[in-house]
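Here is a short tour of one structure. Keep the sequence and the 3D view open as you read.

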Amino acid sequence: MTTALILIAILLLGSAAAAMLRRNLIHSALLLIASWAGVAAFYLWAGAEFVAFAQVLIYVGAISMVVLFAVLLTRQNPVAELPAEPASRMRALTGITVAVCTAAILSAAILSSKFTPAADTAPQTSVKQIGLELMHRHGTALLIVGVILTVALLGATILAATDAKEKPEDRP
Amino acid sequence: MTLPVQYLWLIPALPLLAAGIGALTPRNGRNLAAGSAILAMAVAFVLSCFALNGALQAPATHAVYNFAWFDLGHDALRLGLLLDPLTAFMCVMVTFVGLLIFIFSLDYMKEDPNYSRFFCFMSLFAAAMLGLLVANSLLLLFICWELVGLASYLLIGFWFHKPSAAAAAKKAFITTRIGDLGLLLGMLWLYDSSGSLLFYDGGHGVLEAANLASLTGQTLSCGLAVSTAIGLLIFCGAAGKSGQFPLHVWLPDAMEGPTPVSALIHAATMVAAGVFLVARAYPLMSADTLIATAPVHALTVVAFIGALTALLGALIACGQTDIKRVLAFSTVSQLGYMMLALGVGSWTAAIFHLLTHAFFKALLFLGAGSVIHAAHHEQDIRSLGGLRPRMKITFATFAIGMMALSGVPFLFSGFWSKEAILHAAHEWNVSPLPLYAGLTAVVLTAFYMTRLVAETFFGQARSPAAEHAHENHAVMTGPLVLLAVGAVLLGFLGTPACPWLQARLSGTELHSSMSQLFASGGLLLLSIGLVGAGLVTGWWLYGRKLRQTAEHRDPLAVASPAVMAALASRLGFDELYAATVGRLNSLTAALANGLDRWVIGGLVNFLGQFGVFSGTLSRETAESTLNHGFDQVSASIRGSGQRYSRAQTGEAHGYLRVIAMAFIVLVLLLVLGGSR
Amino acid sequence: MTPLHLCLLISTGLFCIGLAGALARSNTILVLLGIELMLNAANLNFIAFWRFGPPSPPANGMIFVLFSIAVAAAEAAVGLALIIAVYRHQNNIRLQDATRLKG
């Protein structure tokens, strides 16, 4: 049980860390897909099958495609590929320091807290139960999320669409 | 038919829905936007009448419907709806006046390309105001309060391509925000000390006896009761929205918006909000009057600010030449009256005046709009004139509004409501000054309104625009006539002989007798005399010898140019604020940086300069040192501003990093502090 | 060390990798993906507490995660569209160059 969790963690954290370190954006995106798949594996391990499938569908299926498209559409020309200047090296250093500090604080907090040992089996939750919960107790929230997604879709379309009135010579 | 309190949310929700429809209609969907706005207001008006009907059946009770907004720990933040005669009367007034203004705008805004946007904003404005009226929670009221501010910003700056309109919108928003800060602080303090923000909650609300007793029981170190301090903070917000001195400066500039907007702001929605807030929180504001030892009572401050505003507004109105600005300052003055009434303890008189004022001020503004529309956006009364034969309906209704505002006796509503206020001020035993200020303002009001009517409608046309003016459509004159009827009839709801409105508002028994009418005979006669004096003086100065050309000097300016110039420049309040508050920012920045520079590097600099000074004794060198020093000072001041702006890098990384670092520091503080 | 501890530590690790990426990388796409990782770490916590924590209303944690995924999807769509719009403007997507909106 714990062995499986550790394997999943290695896959998940390793690919995430590698994704953040790679210089090639395509590699980063592919590694992130692996990491998201690791998260889905974690959900499966924890017994939340439905969420795992949602994770696979949305992250591994949809968001990864959007990311790949964005990477391809914004491919930098070779001139813009500058070597790391001192300012950005400095920023990377402070960023990593801050992240390590946060990690230390959070880990210390987690390790110092006592949790009551839980049941060995996962809470039984059927898909039907989730559906009923979503439609009854969280019906309003579900509707609102629907609206948010629609608005986000429209907004994304408008933002990314080329302005028809823009003259070709204005474009860089 | 009655409207139960749990359905009260329909009243603000309908205009809000109309605003949503207006926002989504494309530019060519003009009729859809305007139609939905007017339909929503009409239905809201009908619902408000039902609500009023229900409220009048039990005027002394506060029907509430509270619900939890979200859970906070084991507690829940609760909002609520409230139905009592105060809410119901205000709702009926706002929806009725708003409806007429909407209808008027159909024609007035006809040529504007952003027609549907206009109706969207207007509906939003009305919805926010109605939400404010039905709120049973200071928090819900505050949310709607800010929405009112937002809508006013959008509408005052509706013609944002005019720089003056954009500036006026910004000024209105920022000035009222200063007051809102007070309201926000008051709200937080209130929540801290009473644990609730609901007005009425079956004995646990903030306006109910148990809580008021605990609030008046606590005193601050300076001797003020907590309720006084909270009351004064809430009054800050009210003063901002209702244009009370010293935050009145935004109200005249709000004239940059389209005229229906001015009518809505000045009559029904925005400025009424402040007076309504004080009336709503009246139990809290007046809770401290029983403490004899208190250094100051909240209501005393309200009364004096109100009296000062009434007087100042009326004075400045005498010197304005823009038809809308005269009306704007008269609003400032009338709002002062309402605050005065609240301060001297008669909130029913204040609401009575608020209701009558809404009718005749909407009438005057729409009348002015009618004139401006007919005269092709000529607003200077010196260039108008001679409109009486050309625009008969507008003139007749405007004259009714003018007489109601001046307080012409017996027939007009303004007379009765103003009389109620003066009567209340007369009975106030703290100080007679507010009464004197009110009486002086009566004379001035009659004077400047006579001047306005004489200049605008009499004499000969003094510009081509005025010559070619002709009466507007029935779409514009219809609302004028309806408002004029209201401006006459509304006064009879609250005459001293039969104070039905006041009795219903306060939920007391109605005592009607004709002898009440002349109970304060001396004051009644005095104020009638003062109105007469104002009218006669106005006519003697402006009506007797009518203005011939637009360039002709004002009779008042001939008599005393200095006074007229001071009044025309609005007694210099704008300049004063620009010179003090506006400069405070840059001054503080410069001062802080100068100090910083001199404290840290001062000693070193001084030693260095001393060395240079003692080393070179010649006069030229000394001069160059001095110059150098001056240069350094200027450079340091310049650098200071740049250094302060450096915190705003615009780099997302930096902001994100600050958030993460702040988290780390906060956690470390918490751990090292050892708390919890 | 219970399984819950372990799960929370994994989620902390994922969160901090995301944070480091968001803070350190200059490519806006990677910053956005770092933020996505942080969101995923929060979701891991929800599931961990749902599985090992004290009993709660049925499926509460799962439903929270579902909503969180939906919002993250919306965020990713808008964020990437914004990146494309920025790219069209300044011809690169370095976050430190996109400072035109500062006052």
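Is R177(B) buried, partly exposed or exposed? R177(B) is partly exposed, with a relative accessible area of 35%. Here buried means under 20% relative accessible area, exposed means over 50%, and partly exposed lies in between (1.4 Å probe, protein chains only).

## About the model

This is a predicted model, in which local features need pLDDT of at least 70, side-chain atom pairs count only at pLDDT 80 or more, and totals for chains, interfaces and linings use all residues. Residues are numbered from 1 along each chain as its sequence is written, chains are lettered from A and ligands numbered from 1 in the order in which they are written, and side-chain values use heavy atoms, with hydrogens and water left out.

## Chain A at a glance

Chain A has 6 helices and 0 strands. From the N terminus on, its elements run α-α-α-α-α-α. Helices (H or I, at least four residues) and strands (E, at least two) are DSSP runs, numbered from the N terminus.

Chain A has 172 residues, and 32% of them are buried. Its accessible surface comes to about 10500 Å². Carbon and sulfur atoms hold 73% of that surface. Such areas come from the Shrake-Rupley method with a 1.4 Å probe; for residues, only the protein chains shown count as cover. Now take the contacts in chain A between residues at least 6 apart in sequence: 52% of them join residues at least 24 apart. Contact means heavy atoms within 4.5 Å.

Turn to chain B. Helix α1(B) covers residues 10–24, which is 15 residues. From first C-alpha to last, α1(B) reaches 21 Å, close to the 21 Å expected at 1.5 Å a residue. The expected span is 1.5 Å times one less than the number of residues.

Which residues of α1(B) are buried? They are I11(B), P12(B), P15(B), A18(B), A19(B) and G22(B). These residues cover an arc of only 125° around the axis, so they sit on the same side of α1(B). The arc is that of the directions from the helix axis to the C-beta atoms. What covers them includes α2 (30–57) and α4 (115–134) of chain B. On the other side of α1(B), L17(B) and L24(B) are exposed.

## Salt bridges

Side chains of opposite charge can pair when their charged atoms come close. A salt bridge is a side-chain nitrogen of Lys or Arg within 4 Å of a carboxyl oxygen of Asp or Glu. By this rule there are 9 salt bridges over all chains. One of them joins R280(B) and D84(B), at 3.0 Å from N to O. This pair links distant parts of the chain, 196 residues apart. R280(B) is in helix α11 (residues 270–280), while D84(B) is in the loop between β2 (75–83) and α3 (85–108). R280(B) is buried at 2% relative accessible area, and D84(B) is buried at 4%.

R177(B) returns here. Its side chain meets that of E146(B) in a salt bridge (2.7 Å, N to O). E146(B) lies in helix α5 and R177(B) in helix α6 (residues 163–194), 31 residues apart. E146(B) is buried, with a relative accessible area of 16%. A further bridge joins E256(B) and K162(B), at 3.4 Å from N to O. E256(B) is in the loop between α9 (250–253) and α10 (259–268), and K162(B) is in the loop between α5 and α6, 94 residues apart. E256(B) is buried at 16%, whereas K162(B) is partly exposed at 31%. Salt bridges that share partners join K162(B), K171(B), D253(B), E256(B) and R325(B) into one network.

## A nonpolar patch

W69(B), F70(B), I143(B), L147(B), L150(B) and Y153(B) make a nonpolar surface patch of about 500 Å². The elements that give two or more residues to this patch are β1 (63–72) and α5 (138–156) of chain B. α5(B) gives the most, with 4 residues. F70(B) is in strand β1 and is partly exposed at 35% relative accessible area. Patches are made of residues with over 30% relative accessible area and no salt bridge; like charges are joined within 9 Å, and nonpolar side chains (Val, Leu, Ile, Met, Phe, Trp, Tyr) within 5 Å.

## One buried glutamine

Q502(B) is in helix α21 (residues 500–506) of chain B. Q502(B) is buried, at 13% relative accessibility. Leaving aside neighbours within four places in sequence, Q502(B) is in contact with T348(B), F352(B), A420(B) and G494(B). Q502(B) and F352(B) are 150 residues apart along the chain, yet their C-alpha atoms are separated by 7.3 Å.
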